[in-house]
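Q: Can you walk me through this one? I'd like the sheet, the cores and the charged pairs.

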Amino acid sequence: MPEFRSVGKGEEIGEGQAMAFDVDGQLIAVARSGGELFAFSDICTHRQCNLSSGGDIDGTAIECECHGSRFDMKTGEVLDGPAVDPIEVFEVREDGEDLQVGV
């Protein structure tokens, strides 16, 4: 069972947006799409670019702006390369106004 950590306020993440938070030294991105929240490693497994800074979100997919790798934010799986390794995903929830990530 993950331990949930408050990282910010839910209202900080608008529809179609992603934002990275430092959680115990690990950059974890939180995105909102279709009214659902997703939490995942902010680091692309291809060339270690940050996914939250400029990554295009389409449904449950986020595209890295550096080289076009696409990942499923729900499962972490690679949808399109050049990345071959998945990203780590985390549980996320809103507790009142607080945005919490399970680590």
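A: Here is a short tour by topic. This is a predicted model, where local features need pLDDT of at least 70, side-chain atom pairs count only at pLDDT 80 or more, and totals for chains, interfaces and linings use all residues. Residues are numbered from 1 along each chain as its sequence is written, and side-chain values use heavy atoms, with hydrogens and water left out.

Q: In what order do the 4 strands of the open sheet run?
A: The order is β5-β6-β7-β8, with antiparallel pairing. Strands here are DSSP runs of E, at least two residues, numbered from the N terminus. Two of them pair if DSSP finds at least two bridges between them.

Q: Which strands stand at the edges?
A: β5 (56–58) and β8 (78–80). Each has a single partner strand, so one side of each is left without a neighbour in the sheet.

Q: How many bridges between β6 and β7?
A: Strand β6 (residues 61–63) and strand β7 (residues 70–72) pair over 3 bridges. Ile 62 stands opposite Phe 71 in β7.

Q: Which residues have the most contacts inside the largest nonpolar core?
A: Phe 40, Leu 51, Ile 62, Phe 71 and Met 73, in a core of 13 residues. Such a core is a set of buried Ala, Val, Leu, Ile, Met, Phe, Trp, Tyr and Cys residues joined through side-chain atoms within 4.5 Å. Buried means under 20% relative accessible area, exposed over 50%, partly exposed in between (1.4 Å probe, protein chains only). Another core, of 12 residues, lies apart from it and includes Val 23 and Phe 90.

Q: Switching topic: is Ser 69 buried or exposed?
A: Buried, at a relative accessible area of 1%. Ser 69 is in the loop between β6 and β7. Its side chain reaches the backbone nitrogen of Ala 83 at 2.9 Å.

Q: And how many salt bridges?
A: The count is 6, each a side-chain nitrogen of Lys or Arg within 4 Å of a carboxyl oxygen of Asp or Glu. Among them, Glu 3 meets Arg 5 at 3.1 Å, N to O. Arg 5 also meets Asp 24, at 2.1 Å. Arg 5 lies in strand β1 (residues 4–9), and Asp 24 in the loop between β2 (17–23) and β3, 19 residues apart. Asp 24 is exposed, at 61% relative accessibility.

Q: What does Lys 9 meet in a salt bridge?
A: Asp 98, at 2.9 Å. The pair links strand β1 to strand β10 (residues 98–102), 89 residues apart.

Key
A polar contact is a pair of N or O atoms within 3.5 Å; within protein, one must be able to donate a hydrogen and the other to accept it, and residues adjacent in sequence count only if both atoms are side-chain atoms.
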